[in-house]
Amino acid sequence: RPPFAAITKLYEAYHILVRNDWLDNLEALHRRYGPVVRIGPNELHFNDHEFCLAHHRRPDLGKCTNYYGLLDTLLGGLASPHRHTERKSIMQPLFSGATLSQFSATTMNSILDSLHNRLTDASRAVSGPVNATHYLWAYTNDIMVSYLVGEDKGYLGRDLQVVHDELRAFSAIELATVLRTMPIAKKAIEVFPALRQYSPLAWLDNLVLENLKPMMKSYKDPEAHHEKDRQSVLARLWTQLGQDAQIVAQEAAQALFIGNESLLSNLTFLLHNMMKNPGCIAKLRAELDNLDVSMYGHRIWRDFKVLRLLYLDTLCRESTRLSSPGWHRQPRQTAEPVDYKGTVIPPMTSMRFTLHMLEHDPLLYPEPNSFKSDRWLSNDAQSQKAMASSVTFGTGTRTCLGQFIARQVLRKTLAGLVYNFNFSLCEEGEGEGEGESKKGGSEFPYLTTYPRKWYEGFMHVRLTPRFQSI
Ligand code: HEM
């Protein structure tokens, strides 16, 4: 089961790079063979929600380095649980607590103002649809870059198509697949690190290094010292991660890379789900109407109470559940043998599960492919179990570094958009400009996370302001 997978990792490469049917194939294998299937020479894939969650709580699990490719010296890919705990204890406070609250109440709000202004202009000036993918991409980059390097690059104020085309790191998943299925490609990058310059991560490395250099100078030369240079998250990473430029640059690039694309994807799903479920928009507006708009006008993201709205929260939870990408597995291994329902799994076997499959578990989420945000409203035992079993932001000790930022961005942005604009989805193809892609096969190609270049798809939205003056 399946014999080719037992011999070579090219089985995986074939289904991802050639057939482009990895998730469908995986689901078919589980239907045929049960909850455990072999997907590589030393790799088992599990579709057993309870077991996966319990297993991932073990403190001795390591990440499998071949899967995490270029991330394997960074927080997101460090194999050793001990080294990961050390690194996380340094990095997590920089992505939560006071640092995040300060950012959220100042810069994040200003960037939301910019998004709002730009969309207001677009909704008044343009008779046709807007390319929401371009807007959201510039917006998520403004958020992530300001958070990391402490400087607002103002992407939302520029030509949005140029920002999108220049900055989006396409084909990253293909690169990851090549690195994990063809170890020689990974070795080549280890031996010749300069090759990374030709990877989708190059622009991020350069952006971080460009900001790291003046900061390093500020530490070396007290004359060039600017206090601001030492307060950014990047500066704090620099001092706290042992002033190692390469590690700092790559940790920051990793956070930018994951953050940009996952926020874009999640915001796109949110808007898509709203437009497909207009009843939810009406209910959300009723909840938003309870806020006191006299203080902030229509800029309701400035009201911290937005982050406490229950219905808004359920919409975000449901949309994030549905947006879990099918390519993302969670491979872990341990030096101990593992008992799986009476069968002993040898030490160092790579044991994996796919977030998407657990997030679509029909036992926990009835009608798993439907957008049913009310499933998060109830307080009964079934809902509590569903809540506790959610793996949207990962599992065990290796949960998402950016989950607190992400939660705030999703809630504030959705509230601001729904409160201030009427929007509807254009038919596929309608509003597509010259040179824009429609490839990709799926009904809504813009929902693909980390797409290939030319296969990205764009979400076109018809937008009108809800209020006369905003
Ligand atoms: C809604 C948006 C997001 C979702 C659904 C999400 C999901 C995830 C998941 C499932 C993992 C675990 C990956 C694994 O174990 O292989 C993870 C890890 C990670 N995420 Fe996110 N993420 C989101 C936003 C962000 C943002 C905005 C950032 C940037 C600050 C970020 C940075 C990271 C990092 C650095 C890790 C590795 C953490 C570690 O291993 O300790 N994520 N994320």
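**Note on the predicted model: strands, ligand shell and confidence**

1. In strand E8, His45 has Arg352 as its bridge partner. This is a predicted model, in which local features need pLDDT of at least 70 and side-chain atom pairs count only at pLDDT 80 or more, while totals for chains, interfaces and linings use all residues. Residues are numbered from 1 along each chain as its sequence is written.

2. E8 covers residues 350-352 and pairs with E2 in the parallel sense over three bridges; pairing requires at least two bridges found by DSSP between two strands. Helices (H or I, at least four residues) and strands (E, at least two) are DSSP runs, numbered from the N terminus.

3. E2 (residues 43-46) also runs antiparallel to E1 (residues 36-40), joined by four bridges. The two strands form a hairpin with two residues between them. His45 in E2 stands opposite Val37.

4. The ligand is surrounded by 23 residues, and the closest are Gly76, Gly259, Gly394, Cys400 and Gly402. A residue counts as near if its C-beta atom, placed from the backbone, lies within 6 Å of the molecule. Helices H14 (245-276) and H19 (403-420) are the elements that give two or more residues to this shell. H14 provides the largest share, seven residues.

5. The chain has a mean pLDDT (the predictor's confidence in each residue, from 0 to 100) of 91, and 94% of its residues reach 70 or more. Over residues 431-441 the pLDDT is below 50. Where pLDDT is low, the predicted coordinates should not be read in detail. The model scores are ipTM 0.98 and pTM 0.94.

Definitions and conventions. Contact = placed C-beta atoms within 7 Å.
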